[in-house]
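Visitor: I'd like to walk through this one with you. Can we start with how the chains meet?
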Amino acid sequence: MSINATLIGQMITFALLVWFTMKYIWPPLFDSLEERKKKIADGLAAAEKGQEQIVLAEKKAIIVLKEAKDRSAEIVSLAQKRANEIVEESKENAKHEGERLILSAKAQIDQEIQQAKDGLRQEVTSLALAAAQQILGAEIDKAKHQDILNKVSNQLG
Amino acid sequence: MSTEAHAAQGATGYIIHHLTSLSVGEGFWRLNLDTLFFSVVLGAIFVWFFKRAADKATSGVPGLVQNFAELLIEFVDGQVKDTFHGKSQLIAPLALTIFCWVFLFNFMDLFPVDILPGIAGLMGVEYLRVVPSTDLNATFAMSISVFCLIIFYSIKVKGPIGFAKELMFQPFGPWLTPFNLLLKLVEEIAKPISLALRLFGNLYAGELIFILIALLPWYIQPLLSFPWAIFHILIITLQAFIFMVLTIVYLSMAHEDH
């Protein structure tokens with residue numbers, strides 16, 4: 001109940017405890033607390049920065065998209081123009097080709113007509129000769145009347 | 001209950017037995033072994049727990065131990081920052097030590113009054129007082145240490161002359177120096193005495209009531225000791241808190257130049 005030497009022992013114990021707490025306990029725990037506070041603050045700041053960057057990026061994306069749209073519209077119109085040109089060109093080509101085909105067909109037809117005429121002429125000549133031979137018998141000599149035959153065949157041509 | 005020799009003396013003997021320290025030596029050099037033993041063990045528990053937390057301290061996600069230690073650290077740090085505006089490496093750890101140590105002292109009060117003395121009795125130890133804060137030596141050891149720190153910081157911050165001036169010329173000016181000195185001395189000396197006696201008185205009375213309850217018939221005991229124990233959970237924390245806060249306040253007063 002009374003004060004005695006226990007007091008001194010208790011004071012020494014107390015001093016040791018305080019010293020130990022001061023030296024080995026308080027600093028590491030307190031530092032880790034402070035460090036965590038800093039980390040959290042940094043994290044929040046970074047998050048905020050990220051948010052800002054997102055907004056910036058969205059703006060940029062809108063601009064890029066608009067550019068791309070303009071550019072694609074331009075490309076489409078160019079392509080349309082080119083396509084029209086190609087169509088026109090091919091129309092022209094086809095027209096030329098057709099005309100050329102018609103001309104060559106006409107030439108061929110003409111040639112064939114000519115051939116047919118030549119053939120017919122030959123045949124008519126020989127027919128006429130045969131007919132004349134029948135009619136005149138042996139009176140007409142091929143060699144003697146060559147001039148007459150030629151005239152006849154020329155009239156037929 | 002207690003040893004038979006004391007049981008024979010009835011209630012008074014039982015109470016006295018519970019409040020007698022296990023001690024060796026004579027006169028001033030008597031040592032209360034139970035107080036020393038329990039305060040060292042409790043101090044070791046405190047140091048062990050916090051050292052464990054400090055060793056594993058990380059600024060990442062804290063574990064359970066670290067979390068609890070940080071809770072206390074932040075609480076104590078908040079108290080210190082509220083009151084003390086200077087810079088000191090000592091005050092916050094001192095406050096933490098006081099809070100935890102006193103709390104653990106007081107916590108011993110919540111063990112049923114007969115358990116530890118009973119076990120000690122079986123081992124042949126006749127007396128055992130388990131709550132160190134019901135020993136004036138334990139409470140005065142802390143308050144006198146705090147008092148020494150108050151004097152030390154007063155002289156360190158204000159200088160020996162400044163401190164002497166404060167003692168002599170305040171609060172009523174130089175014309176009333178003897179009166180000022182008397183007033184100041186009383187004020188300073190009242191600090192450690194009130195610190196120590198407040199804690200001692202509260203815990204001594206609390207323990208006494210537990211002992212009185214233990215004297216009642218067994219079927220009444222729970223009705224009384226249960227609410228008293230719950231109330232005591234508040235008391236022991238509050239007393240530890242008061243001791244800590246007053247220490248901070250006194251030390252910050254010592255740091256302030258008027």
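Guide: First, a term: contact means heavy atoms within 4.5 Å. This is a predicted model, where local features need pLDDT of at least 70, side-chain atom pairs count only at pLDDT 80 or more, and totals for chains, interfaces and linings use all residues; side-chain values use heavy atoms, with hydrogens and water left out. Residues are numbered from 1 along each chain as its sequence is written, with chains lettered from A and ligands numbered from 1 in the order in which they are written.

Visitor: How many residues of chain B are in contact with chain A?
Guide: 52 residues of chain B touch 30 residues of chain A.

Visitor: And what area is buried between them?
Guide: About 3600 Å², with 75% of that from carbon and sulfur atoms. Buried area is the accessible area (1.4 Å probe) that two parts lose on being put together, summed over both. In chain B, the residues that lose the most area to chain A are B:Ser59, B:Ile73 and B:Asn137, together 17% of what that side buries.

Visitor: How many salt bridges cross the interface?
Guide: The rule finds one between chain B and chain A. A salt bridge here is a side-chain nitrogen of Lys or Arg within 4 Å of a carboxyl oxygen of Asp or Glu. A:Arg36 and B:Glu70 meet in a salt bridge through their side chains, at 2.9 Å, N to O.

Visitor: Which elements of chain B give two or more residues to that side?
Guide: β2, α3 (33–55), α4 (64–83), α5 (91–107), α7 and α8 (177–215) of chain B. The largest share, 11 residues, comes from α3(B). Helices (H or I, at least four residues) and strands (E, at least two) are DSSP runs, numbered from the N terminus.

Visitor: What's the overall make-up of chain B?
Guide: Nine helices and two strands. Along the sequence the pattern reads α-α-β-β-α-α-α-α-α-α-α. The C-alpha trace of chain B spans about 65 × 55 × 35 Å along its principal axes. Of its 258 residues, 45% count as buried. Buried means under 20% relative accessible area, exposed over 50%, and partly exposed in between (1.4 Å probe, protein chains only).

Visitor: Switching to single residues. Is B:Thr134 buried or exposed?
Guide: B:Thr134 is buried, because its relative accessible area is 1%. B:Thr134 sits in the loop between α6 and α7 of chain B. Leaving aside neighbours within four places in sequence, B:Thr134 is in contact with B:Arg129, B:Phe200, B:Leu203, B:Tyr204 and B:Glu207.

Visitor: Where is B:Met123, then?
Guide: In the loop between α6 (115–122) and α7 (136–169) of chain B. B:Met123 counts as exposed, because its relative accessibility is 64%. B:Met123 and B:Tyr250 are 127 residues apart in sequence and 44 Å apart in space, C-alpha to C-alpha.

Visitor: What about B:Ser252, buried or exposed?
Guide: B:Ser252 counts as buried, because its relative accessibility is 5%. B:Ser252 lies in helix α9 (residues 221–255) of chain B. Not counting residues up to four places away in sequence, B:Ser252 touches B:Thr83 and B:Phe84.

Visitor: Last one. Where does B:Trp29 lie?
Guide: B:Trp29 is in the loop between β1 (23–24) and β2 (31–32) of chain B. B:Trp29 is exposed, because its relative accessible area is 59%.
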